[in-house]
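Biologist: I am new to this structure and would like a close look at one part of it. Please take me through the salt bridges.

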Amino acid sequence: MKREKVKRFLSGLLTAAMCLSLLAGCGGGDQDSKPSDNQGGNSQQEEGAEQQGEGNSGEINFDEEPYEIVLENLTLGEDIPDLEKIEEAVNEISVPAINCKLKILNIHIGDHVTKMSLMATGGEKVDIVTAGRTYAYPNMVADGLLLPLNDLLEERGQGIMEKGAMALEGNKIDGKIYAVPGELYVYSSTGIIYNKDMADKYNITVPKMPTAEDIEKIAEQLHEADPNVYFMTKGTGEFDVMYNQFYPNIQVFGQNCMYGAMYKDDPEFKIFNFLKSEEYKEYLHKNRDWYEKGWVPSDSMVSGINARDVFKMQQSFCEFGTTSPIQLGNLQSSYDFTLGMENMREPERSTESGRENGWGIFVNCERPDKAMDFLNLMYTNEEVINLLTNGIEGIHYEKVSDRIIKYPEGVNDGNIGYKKDFSNFGDVLMAYYKEPVTEESIDECYAISETAESSPLLGFSFDTTKVSTQISNVTNAIAEFMPPLAVGIYEHDEIDIQLEKMNQALDAAGIEEIIAEHQRQLDEWRANKDAN
């Protein structure tokens, strides 16, 4: 029965997968979608999840056989020789604590969206999955991939609730929580992550808080010094992430901006169609400029290149993404060159900042109660957090101070038996961090989480139920028209023509209806917020 229900959303999921593989999207707003019957809603799965938790009151039954938790781990596809050692070490803690055993399922990050659909339709045993990394958290909910966690958190996730009340509140969709935030300290900052060795070699200086103009000067300097190295790659849509850096006063909403945009300093909170804006047109011409200058690859539509892989092989200078005081050291261990990092936007507390790289209980999970037991352990037990994050002390790391570690003698990133690439296991500030992270930078993260400014939309969720048909139609139109525009394939004199064709198709698909409904809900939310 479960497999039949999951099949209902497969066609939509494959469309989403195609879009995600080409375009990471412009979005990063505090927007959500809600599961509905025609989007593969999971009402029966919800009932099952609630029933699993009922009557348990958090008690552990040690008379039954230990339940095996299958935990998804996003990687770059490399072999992890000591994986079983990590599982065994975790099991020495988890079996006596919660009567669970751990099995880690490694999935290449580039295959994640496709694998999710295959695992769901195939009924594969998976218990805990990444939510909001490659597959937007609201979309996973709308597609029925995640079980609701409210009752399970109340009964078996008290440790998570005590630590992350604010983050959990931001993860609500129509009053329900479907994922535990990967970041309990809900703020986000974004910027440029670059190859510092390459920068030093070519006398390139990346300034503090670089602007769009600074970035283009760097790209030009790099190309003149070594035309065989790309400034960045955009094979999986990473170029679109840059819009948020280059136009910081505009907040865009929804995958590929289909829910509209808003000027951050607009006191009226007016949502407009970003894809018809002069800024977006300017942005597309900038894409073409970079394409013509050779700063980005010319085969992005067909190469299937994963930007992180290319950056790691030193075929590109930088990538754009999340930055924080500990991010530099966190990433450094995965690279054979020195990383540099600079913010391009100030830290902000938002709904979205708590929704990336979180953890959800998968629709195929047979024992949601045990999955929540493990999640709670993973967020509260320092030893489990560090086994999954750093491996085994004395084998994979040795301590420099209470929270700072380094590789043991003779161990490096190339020969280490265990490392994590993308997944955040539990409370990230309980993890140990490799040099050059310092004790002070960890404390700084705590401080920023307390002082970061809140988005005026913090807590707002867009319920897409009433416009689900329009969203499906718009998604198809975007998949047809946007990829070549986004990667810069068209000549300048052709861009405006193709953009007009895309916007005509989007109008016919109902994008203005989506934006109007979004505006109506936002106005209602603001009115209720002011009244309270």
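What follows goes through the salt bridges pair by pair.

Modeller: This is a predicted model, in which local features need pLDDT of at least 70 and side-chain atom pairs count only at pLDDT 80 or more, while totals for chains, interfaces and linings use all residues. Residues are numbered from 1 along each chain as its sequence is written, and side-chain values use heavy atoms, leaving out hydrogens and water.

The whole structure holds 20 salt bridges (a side-chain nitrogen of Lys or Arg within 4 Å of a carboxyl oxygen of Asp or Glu). One of them joins lysine 196 to aspartate 200, with 3.3 Å between the closest N and O atoms. Both partners belong to helix α10 (residues 196-201), where being four residues apart separates them by about one helical turn; helices are DSSP runs of H or I with at least four residues, strands runs of E with at least two, numbered from the N terminus. Lysine 196 is partly exposed at 32% relative accessibility, and so is aspartate 200 at 45% (buried is under 20%, exposed over 50%, partly exposed in between, with a 1.4 Å probe and protein chains only).

Another pair is lysine 286 and glutamate 216, at 3.1 Å. Lysine 286 sits in helix α14 (residues 278-293) and glutamate 216 in helix α11 (residues 212-225), so this bridge ties together parts 70 residues apart in sequence. Lysine 286 is buried at 17%, whereas glutamate 216 is partly exposed at 22%.

Glutamate 439 pairs with arginine 403, the closest N and O atoms lying 2.5 Å apart. Glutamate 439 is in helix α20 (residues 439-451) and arginine 403 in the loop between β13 (398-399) and β14 (404-406), so the linked parts are 36 residues apart in sequence.
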